[in-house]
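This report concerns the structure shown below. The sections that follow treat backbone geometry, the nonpolar core and the ligand surroundings.

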Amino acid sequence: MKPPAAPAPSAPSAPFPDDALPAGAVVEGDRLEADCEDAYDYVVVGSGAGGAVAAHVLATSGASVAIVEEGPWVHTRDFGERVYDAFRVLFRDAGMQVIEGRSYIPILQGRCVGGSTVVNSAIAHRTPEDVLDDWAGMDLGGGLGGVVTAKTLEPHFDALERELSAHAVSDDALGDNDRRFLDEATMHGLLGRRTRRYEHGCRGSGRCFTGCPNAAKQGMSVTYVPWSLALGARIYTSCRVERVVIEGGRATGVLARAAGAPGRGERVIKLHARHGVVVAASAVQTPNLLRRSGLRARALGEHFQCHPGYGLGALFDDAVRASAAGAGRMGATQGAEITSLRRTDRVKFETLALQPELAAVRMPGVGHDWMRRFDRYASFAQWAMVLRAEAEGTVRSAWGGGDKVRWTPSPVDMDRAVKGVARLARMMFEAGAREVWPGLHGVPTAIRSVDEVSAIERMPREPRAFSFLSTHLFGGARMGTDPRASVVGTDFQTHEAARLYVVDSSVFPTNLGVNPQHSIMAMSRLAATRIVAGGRARNRAA
Ligand SMILES: Cc1cc2nc3c(=O)[nH]c(=O)nc-3n(C[C@H](O)[C@H](O)[C@H](O)COP(=O)(O)OP(=O)(O)OC[C@H]3O[C@@H](n4cnc5c(N)ncnc54)[C@H](O)[C@@H]3O)c2cc1C
Ligand code: SF4
């Protein structure tokens, strides 16, 4: 008897999840020939951590969903190595956005399909329970007690960790810099650990900030966005939502604009939302979008918080960037961290693997002096401090439709920042650094021994002496039950307009002290699950 014929080999599956998308699922605003109008059950504004997760839950429930994203879709195949190109295409204002205050602090945000998850390090932290307890007890008209708790968030964290493959950095992706940092943490009795990240097959290329070339990082443009499209959702890319349309006290759609096909002029996109508009444009853009849409809550744009970050460079004798995976590999962009100082000192320490262009700006000196240091790039290491600052600021609209963020660290924040950086510098010397580069005004450019760290401790607590950077942003449309003290209710709807939901970190009453993406996604998943349940209840009652 003849053996049964072997099945015909199936076509090789697309290597990247953003290669093959359902026909008609992507409407590119910069190719639109004409204005367009359409209707969906839900319109989601923003395709980053908050928006993509909500869209996926809504699409899974069988609802028709449109996602509107201001930035373009840059596909995995198009991620290059050049930092300048990546910043120009993937980041808002090419990475030139700043917080204004006593000093200027750059804010980095992704502006592309997937939002900041395309350019971030994919570190996953559950919301600390003490933070949730604080929120429950805050004077926001009853706090958030009972609605956003460790228990209500738990199933959402579980699902996200499963679906996005959150796990500790593997041996292969752990850089030598990370190992040194972990050894040092152990010596100091600090809780050092490999970072837990959303990744599947990370090769330790250290290129997370310019987009993962292997789709190993489980950012939204290779996970929840394509998964939502596979369920029938549609995404409008390069389309900026100008305002949410509110009629009769209810959100009924959005009005967006796009550049249109070359030479055809700007296009208007009107999308009607039968059941609601879900906003996830980030803690900077959401408050201003709500304001442009006519909301006037007293708390709108108030209580902005951030985690200012500070990177400390150092030169070691031997190579520190080679990972176990082999020469030329730097290790995961952020492979190790210390979280045990979060409550006492309000700081978190992390390692950073930086591409040469990014490392170069952290190297002091000019001319020959700088070249000498850059020549030793392989022995360069960067460790960073993330501060859970207490100060609050504001988010307002700027002339021309942009965003204006004002925030200044408090004297207490500055004191903690100085002590945190000094502690980190000391640890670097103890780990074998030859030179540490504080990059702080009034402190020597390069310090060469642990005794010289006292120069950092003695410096004035002056924000202008620091070159902070912030990528973790919170508040501006905070949640609470009292409309006088908050913008969004505990059902994630704004107090002023029904069916207008906010599911990003602008609703967070405070910052966290840990990286925020996981908390944003879990809150968004919780919100979207409740929106679906609310919709079903309304349908039953109708
Ligand atoms: C370099 C970097 C590294 C980071 N590393 C980590 C990390 O390792 N772990 C972690 O937890 N967090 C990290 N973060 C922070 C984390 O990525 C963000 O907190 C999170 O992505 C914010 O989610 P979001 O949905 O609020 O905003 P985003 O993810 O930024 O998405 C918002 C989206 O909305 C779009 N949008 C804005 N306005 C409009 C409009 N009017 N119309 C249409 N679309 C609009 C934007 O273009 C953007 O794509 C990092 C951030 C950066 C920049
Ligand atoms: S370190 Fe490299 S391989 Fe790993 S997730 Fe980041 S970009 Fe991808």
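## Residues with positive phi

R346 counts as buried because 20 C-beta neighbours lie inside 10 Å, and a residue is classed as buried at 20 or more. In this predicted model, R346 belongs to the loop between β14 (336-338) and β15 (347-352). Its phi is near 60°, a positive value in a residue other than glycine.

A94 also is not a glycine, and it has a positive phi of about 55°. The loop that holds A94 runs between α2 (83-90) and β4 (98-100). A94 has 13 C-beta neighbours inside 10 Å and therefore counts as partly exposed.

## Nonpolar core

The largest nonpolar core contains 167 residues, of which V43, V45, A54, V65, V68 and M428 touch the most other members. Helix α10 (residues 411-430) makes the greatest contribution to this core, giving 10 residues.

Leaving aside residues up to four places away in sequence, M428 touches L312, A314, W383, A433 and V436.

## Surroundings of ligand 1

Ligand 1 is surrounded by 41 residues, the closest being G46, G48, G115, N120 and Q517. The shell comprises 15 nonpolar, 21 polar and five charged residues.

At least two shell residues come from each of α1 (49-60), β10 (239-247), α7 (285-292), β20 (469-474) and α12 (517-541).

How values were computed
Residues are numbered from 1 along each chain as its sequence is written. Chains are lettered from A and ligands numbered from 1 in the order in which they are written. This is a predicted model: local features need pLDDT of at least 70, side-chain atom pairs count only at pLDDT 80 or more; totals for chains, interfaces and linings use all residues. A residue is near a molecule or strand if its C-beta atom, placed from the backbone, lies within 6 Å of it. Helices (H or I, at least four residues) and strands (E, at least two) are DSSP runs, numbered from the N terminus. Ala, Val, Leu, Ile, Met, Phe, Trp, Tyr, Cys and Pro count as nonpolar, Asp, Glu, Lys and Arg as charged, and the others, Gly among them, as polar. A nonpolar core is a set of buried Ala, Val, Leu, Ile, Met, Phe, Trp, Tyr and Cys residues joined through C-beta atoms within 7 Å. A residue is buried if 20 or more other C-beta atoms lie within 10 Å of its own, exposed if 12 or fewer, and partly exposed in between; C-beta atoms are placed from the backbone. Two residues are in contact if their C-beta atoms, placed from the backbone, lie within 7 Å.
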